[in-house]
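Here is a set of questions and answers for someone meeting this structure for the first time. Please look over the sequence and the model before reading on.

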Amino acid sequence: MAETATAAEYFGVLMPQILLLIFALLCPALDLWLKMRRGIAYWVIIGLTIVGVMEILALIPETQNLVPFLFWEQPPETSIFAVNAFSMVFTVVFVFVGALVAFVSPDYIKRERNHGEYYALLLIAVTGMSFVATAGDLIVIFLGLEIAGISSYALTGFQKSVKRSTEAAMKYFIVGGFSSAISLFGMSLLYGAGGTTNLTELGAMGAEYGPIVLLGIAMLIIGLGFKIAAVPFHMWAPDVYEGAPTSITALLAAASKKMGIAALFKIFIVALLAYKAQWDLAIGIIAILTMTVGNLVAIQQNSVKRMLAYSSIAQAGYILIALPVWAVYDPSSPELVRISEYAVAGGILHVITHAAMKSGAFFVILALTVRGFGENLKDFDGLSKRAPFLALAMAIFVLSLAGIPPLAGFYSKFVLFSAAIFGSSEPGGASWLVWLAIAGILNSALSLFYYARIIKSMYIHNPQSQDRIKVPPLIQAAIVIAMIVTVFIGLYPEPFLEGALEAARALNGLLPIG
Amino acid sequence: MIPMIDWLIFSSLLMAVGAYGVLTARNGILVLMSIEVMLNAANVSLVTFSAYSTELHGYPDAMGQIFALASMTVAAAEVAIGLAIFLVLYKRHDSIDVTKINILRW
């Protein structure tokens, strides 16, 4: 039995979350006493940047000794936290999206009241998400999901005077509560079979608890499937994404969904290791259904916001490919272990690239909304003449979402699909995995159809008027940052793939040995 | 002592009742109550597995009860935010009938 961690060690490894909470709790005070409006956004950006820099320093081997307190020496069997490269990469993604949302918010919500609460809830949501990524225990995963969930219900309904926003909050609340209750029941069944809530110890549980764990797996697929909006549990997502304030839509699509993915990776890969032959086919089928339905329905949409909502359902389908391919994992064959790591790395890389390109695309819509435009496709007509920068940014984001070569989305999809092909051709792998790659490639072609509609409308159609559209500088900054990340990952993917592989190895490191 | 399976059947029935309520209730408050019933069904099952862990695994384990306490706290927060959302909803839409509120649809 290892020694238990000291209080100082807990404070050290939880420093990012503690800092985020301190910054969050001071937001309402800044609003109430100092009457700050724009200032709170800068405050939030400072807090998120500190945490993000801390985690990035910890990820780069040369600078790790600058943040020694973040390293966690506890063995995973005795610890409720698993602070490693996996948690760091995911925290960086959540913090990055949170900071971009803070950039665009002051201009977007300037007519609303309660700015302090808005930013505080934003930071608390990011804290909850990073807790899910850091969890080594079912209790921490559940609490993290709920912290993030409850704050995002409130954020979705932030525009109290807008009917759409309150309706979206109601739908999100009902679906969120329903899915949490179902996942909690699934977790309780895993706890009953394994006799522990620690993920690593659950992974060591034998395969003799068939029916009860199978019921638990079904419940967890339903519960977490609602969280990541996988088909057939996706009906809520387009409504909520369309009704929510656009800044929060970006948070939901780019960060909240990734939190569900992190929970799915942790529970299915680590805790349900012995049952991987039972869940791999089910998740593979859900992945194919998710990308196909998402893309098919997106084609018929006329509202760009709703189209992007369906496209983000489809993107979750691509990320789900990582799980069944990971299931070829077999500790006795180094080649299969490498493929499983490569698959999860592909999933994580797609989480990173999707966070940048999807939030960027929503920010372009937000920039137009701030100037009094609608969200329909015809509002994008001739955008290249009225706002060349916005049109160029939108074109880059949607081309990257479709997976066109020099951009980020191509590279992460390439890693995911090639992992599926490796997994099917390697002896000891599963030959049906190749269908995941085929479905993914066909779907990428299908998705190009509706992405091209947006580009056609921006570059070929005639504008309704010739007035130039001026974009507020902070929103412009957020779009530029998302654009730089999208292009940069496409041109220099190696460091990001290396980081994702490191995270995948850290996740495999949580598995029980023997 | 009551056999463990009885508790598990009770918790599954509670879960089914709650899920039925969420899917069929029209009144928002009823939906909220059904979600609470579902969360409590999961709590019953957690506490059951914890209480019978000596018979199941050979060692006493309190994690399930801690989990149930944590989830009760979460449930309380969820009710608070849910009631607030339905209050705003009633002000804007003059109704909390969840089937009548559907501006957002394709």
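Predicted model: local features only at pLDDT ≥ 70, side-chain atom pairs only at ≥ 80, totals over all residues.

Q: How far apart in space are A:I60 and A:P495, C-alpha to C-alpha?
A: In sequence A:I60 and A:P495 are separated by 435 residues, whereas in space the distance from C-alpha to C-alpha is 9.7 Å.

Q: How many helices and strands does chain A have, and what is its radius of gyration?
A: The secondary structure of chain A consists of 21 helices and zero strands. The globule rule gives 24 Å for 514 residues, and the value for chain A is close to this, so the chain is as compact as a globular protein of that length, with a radius of gyration of 22 Å.

Q: What share of the residues in chain A is buried?
A: The C-alpha trace of chain A spans about 70 × 55 × 45 Å along its principal axes. A residue counts as buried when its relative accessible area is under 20%, and of the 514 residues in chain A the buried ones make up 67%.

Q: Why is chain B described as more spread out than a compact globule, and what is its radius of gyration?
A: Chain B comes to four helices and zero strands, and from the N terminus on its elements run α-α-α-α. For 106 residues the globule rule gives 13 Å, and chain B is well over that value, so it is more spread out than a compact globule, with a radius of gyration of 18 Å.

Q: What share of the residues of chain B counts as buried?
A: Taken along the principal axes, the C-alpha atoms of chain B fill a box of roughly 55 × 25 × 25 Å. With buried meaning under 20% relative accessible area, the share of the 106 residues of chain B that counts as buried is 48%.

Q: Which residue meets A:D107 in a salt bridge?
A: Side chains of opposite charge can pair when their charged atoms come close. The salt bridge of A:D107 has a distance of 2.8 Å from N to O, and its partner is A:R38. A:D107 lies in helix α4 of chain A and A:R38 in helix α3, residues 38-59, so the pair ties together parts that are 69 residues apart in sequence.

Q: Which residues are linked with A:K171 in a network of salt bridges?
A: The side chains of A:K171 and A:D239 meet in a salt bridge of 3.0 Å, N to O. This pair links distant parts of the chain, 68 residues apart, with A:K171 in helix α7 (residues 163-194) of chain A and A:D239 in helix α10 (residues 236-243) of chain A. A:K171 counts as buried at 16% relative accessibility, and A:D239 is buried too, with a relative accessible area of 10%. The residues linked with A:K171 in the network are A:E167, A:D239, A:E242 and A:R306.

Q: Which helix holds both A:R338 and A:E335?
A: The side chains of these residues, A:R338 and A:E335, meet in a salt bridge of 3.4 Å, N to O. A:R338 is exposed at a relative accessible area of 54%, while A:E335 is partly exposed at 32%. The two lie three residues apart, about one turn of the helix, and that helix of chain A is α15 (residues 334-370).

Q: Which residues form a positive surface patch together with A:R111?
A: A:R111 is found in the loop between α4 (85-108) and α5 (115-134) of chain A, and it is exposed, with a relative accessible area of 75%. The residues that form the positive surface patch together with A:R111 are A:K110, A:R371 and A:K470.

Q: What accessible area do A:I484, A:F488, A:L491 and A:Y492 have together?
A: One of these residues, A:L491, lies in helix α20 (residues 473-491) of chain A, and A:L491 is exposed, with a relative accessible area of 53%. A:I484, A:F488, A:L491 and A:Y492 form a nonpolar patch on the surface, and their accessible area together is about 430 Å².

Note on methods
Residues numbered from 1 in each chain as written. Chains lettered and ligands numbered in written order. Heavy atoms only, no water. Patch = residues over 30% accessible without salt bridge, like charges linked within 9 Å, V, L, I, M, F, W, Y side chains within 5 Å. Areas by Shrake-Rupley, 256 points an atom, 1.4 Å probe, with all protein chains shown as cover. Salt bridge = Lys/Arg side-chain N within 4 Å of Asp/Glu carboxyl O. Lys, Arg positive; Asp, Glu negative; His and termini not counted. Charge placed at Lys NZ, Arg CZ, Asp CG, Glu CD. Buried < 20%, exposed > 50% of the residue type's maximum accessible area, 1.4 Å probe, protein only. Rg over C-alpha atoms; globule rule 2.2 N^0.38 Å.
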